[in-house]
Structure formats: structure tokens, C-alpha cells
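Good morning. Please take a moment to look at the structure before I go through it.

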Amino acid sequence: RSAAFERARSVMLENDRGSYTIPTKGLYPFQWNWDSCLTALGQRHFDEDRAFTEIETLLAHQWPDGMVPHIVFHVDDEGYFPGPGVWRTGRPTPTSGITQPPVLAFVLRRLVETCRETAKAEDRARAMLPKANAWHEWFYAMRDPKGEGLVAILHPWESGRDNSIDWDEALAGVPTEGVEPYVRRDTTHVDASHRPHRSDYDRYMWLVQRFRSLGWDNAQLHDASPFQVVDPGFNAILIRADEDLASLARRLGASEIAEVAEARVAKARKAFARLWSEKHGQFVCLNRVAGKLVDSASVGGLLPLLAGLGTAQQQGLLAKRIREWRARSRFGVASHDPADPRFEPKRYWRGPVWIIVNYLLIDGLRRCGLDDVAGEVVADSMALIEESGFAEYYDPTTGEGLGGGNFTWTAAIIAELLT
Ligand code: DGY
């Protein structure tokens, strides 16, 4: 195995807490949902058993209604805000009260299909199928109450792309009155100019307080939220995860689960066309409260490649966007169109490159037969690691590593791309 692989492995081991892995020391000291699942992809290259454990630990904290929370607070740590005392979700092991992009079934299928100890992997995966299915069902029940076939996120943190320009318009409709005084911790760990603005945080906290005041009852939260955004990236991940769940369920003889997952996919595929923007030549978000598309060209609108969404012509246009953005920066793929005046190359999700997003794009491009562009994104990802190590994210114009260092999911994805 190469030196780069060994470095990636040591980052994963350094952040391993036994049954779950923290994203990075200091900034993120607990288990995060999609971080953990994507981490399993890397772990499987040196410890298959451990990779399954990572996902099982997360699922052990699933809510009775089916939601898999975005953070599990396994330990106390004053270095993070907002901690369990703010969320107050009443779970036996404290968790946050919102969710995150459901990459779990996508990862699980890959684990099963590529592992060495197949029978063991199949047994462990079989036990997780009903849980993954309950989570996917929860999405369409709770986040698509009118049965449109597309789910909304109710908090920017749910998207995983926290302070994307995609949310600016919808966040403007979130008040800040009554936000309890708070002290951020993120900016004590990393440069404040690489993190979300205070005005965003105030709104993040307002939403948390609002949902908490409703007892985290998901049957009420959607309609009570002033922030309801249909993100093409998030929905594409869910559709892909349902396809993978269906495939895995067929393989493991769980045909009922396969059928319901396939039905969800068919309905969502039909609804998806609504998110196409002629103006941008890509998919964009829908602000469900305002009932209109959001004028923001982010990488979330390129992720539908992952589920082979759109026509072949539209997929070609998405690949063209990737090439255009790469031509405007030194490294791809920026999290936002660099030509947009709102683009900020160092501020978290308003411009920086994220290796995990590159990976999802690479997979999607290959699926759509766009291998040349996929190869370019692989090359950029490797160049970033060589230049700046396993950072949380990177400035696409300079390649500088930003945010947390020795970052688990960056290392996991590089291990995956190297093997
Ligand atoms: C944070 O605290 O920045 C996280 O992204 C929220 O999940």
C-alpha cells in the first residue's frame, strides 16, 4: 500500500474512539451521521469489522420515529456548541434533533459488495436493512407531508452544506428575536473567516429553539418551520440510497423492503424534473415556503449525477458545469460557482472544495458514463492532498487546507480512491 494510504489510515486511527470515529479533534468531538458512514468506506480497506461497527453504532441511536440524528453525543465535551444541554432531545444517549444526508445505505451496499468476508457482512447488513428503510420512510412521511416526492430540510445543518449560498434567501425568513445568548466554540478552534457568519448562527439557533419548543415532534416540525428547502443534492443522495437499499434488500431476500424502496425511487424520479434551472444549466434548490426555485448555483445542484437523475443531455450539462468551475479555479470542485459574486473561496460551504463531495461527484459522473470528467476530479482530489494534507476543506483557488486538520472523512475518501 502507498505512503498516502498509510497516512490516510493513521488519520482514521487517530480519530477512532473504539465504536465510532470523531471527524476531527477539537472542532467536532462526537459522532456525526454522514461523516461516520463515509468513514466506514475508508475503514473497510484495513478493517472490515470496524467499518460495520461504525454504522451499527450510529443506527443504535436511531429515534423511535425512524430519524437517524445528525450528532450522537457519546461523551461530554465543553469544546463544542451547541451541546446536548441546548438540544435537550431527551434521548437515552443525547443526540441532536435533526438529521443529515442519508448516505448510509449507499455505503452499506458498497461494504457488502466489496468485502472479503461475505457471509458475515451479509448478516450484519441484513440486520440493518429495516432500520435504513425506517429512516428513508421517515423522510417521505415527515419531510414531504403533501406527498410531492421530494423532501425538505428544515435546518441548514441537515444539508451537511451548512452555510451554502443556497440557504441565504430562505434563512432571511427566519427571525432572530428571542435567541438565547450563546457562545460559539467553533471559532476558538479554527479561523473565524473560514466559518459561517454570526448572523447565520443566530438563525441556526432560532430554529433549534423553535423545534425544541415543539418537543422535537417531527409530525409538527415541517409545517411549523419557516425554513423548508428542497435541496437537489440531498434528495439525490436519498434517491441513490433508496436504490442501493433496494438492491441490497433483493440480494439479502428482503423483497418487501426492496419493493417499498423501489416505489419511493420511482415517485421521486418523476418529481425531480421540477428542480432543473434553465438559467443555470443545472439543478437548484426549491424554497418550499416561497414556492420558487432559488437563484443559487451550488455543487448541490450537480450531485443529482449520483442518482443518474435528469436526461442524458442534462447530465452532460452538469459535467460541463464542473469543467467550467474547474477552469475558473485551480482545483475542482468548488462548492459554489466561482463566477457568482457571492462566492467565497475560504468560507466553509460558500466556495471551498470538499473531498467527500468530489467523491460523490466522481461516482455519479462514472455512473452517467462521464469518465473523463470523473478522472479530472480524481486528479484534483489527489493533488490537494499532496499539496495540503487531509484538511477539512480546501481553497479552490490556491489549494490551501482550511478548517479542521487531520480530518477523518477526507482521509477515508482518499483511502477509497487509492484502492
Ligand atoms: C457544526 O457545528 O458546524 C456542524 O457542521 C453542525 O453539524
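Predicted model: local features only at pLDDT ≥ 70, side-chain atom pairs only at ≥ 80, totals over all residues.

Let me begin with a question: in which order do three strands form an open sheet, and is the pairing parallel or antiparallel? The order is 3-6-7, and the pairing is antiparallel. Strands here are DSSP runs of type E with at least two residues, helices are runs of H or I with at least four, and both are numbered from the N terminus. Two strands pair if DSSP finds at least two bridges between them.

Residues are numbered from 1 along each chain as its sequence is written.

Returning to the sheet, strand 3 (229-230) and strand 7 (292-293) stand at its edges, each with a single partner strand, so one side of each has no neighbour in the sheet. Strand 3 is joined by two bridges to strand 6 (residues 286-287), and these two run antiparallel. Within this pair, Val-229 stands opposite Asn-287 of strand 6.

Now to the protein chain as a whole. Its secondary structure comes to 17 helices and nine strands. For 419 residues, a compact globule would have a radius of gyration near 22 Å, and the 20 Å of the protein chain agrees with this. That radius is taken over C-alpha atoms, and the globule rule is 2.2 Å times the number of residues to the power 0.38. Of the 419 residues, 54% are buried. A residue is buried if 20 or more other C-beta atoms, placed from the backbone, lie within 10 Å of its own.

Leu-361 lies in helix 15 (residues 355-367). Why does Leu-361 count as buried? Leu-361 is buried because 25 other C-beta atoms lie within 10 Å. Leaving aside residues up to four places away in sequence, Leu-361 touches Leu-302, Leu-303, Leu-305, Ile-322, Val-333 and Val-377. Such a contact requires C-beta atoms, placed from the backbone, within 7 Å.

I close with the ligand. Which residues are around the ligand? They are His-70, Trp-157, Asp-162 and Asp-186, where a residue is counted if its C-beta atom, placed from the backbone, lies within 6 Å of the molecule. This shell divides into one nonpolar, one polar and two charged residues. In this scheme, Ala, Val, Leu, Ile, Met, Phe, Trp, Tyr, Cys and Pro are nonpolar, Asp, Glu, Lys and Arg are charged, and the others, Gly among them, are polar.

Technical notes. Buried ≥ 20, exposed ≤ 12 C-beta atoms within 10 Å, placed from the backbone. Contact = placed C-beta atoms within 7 Å.
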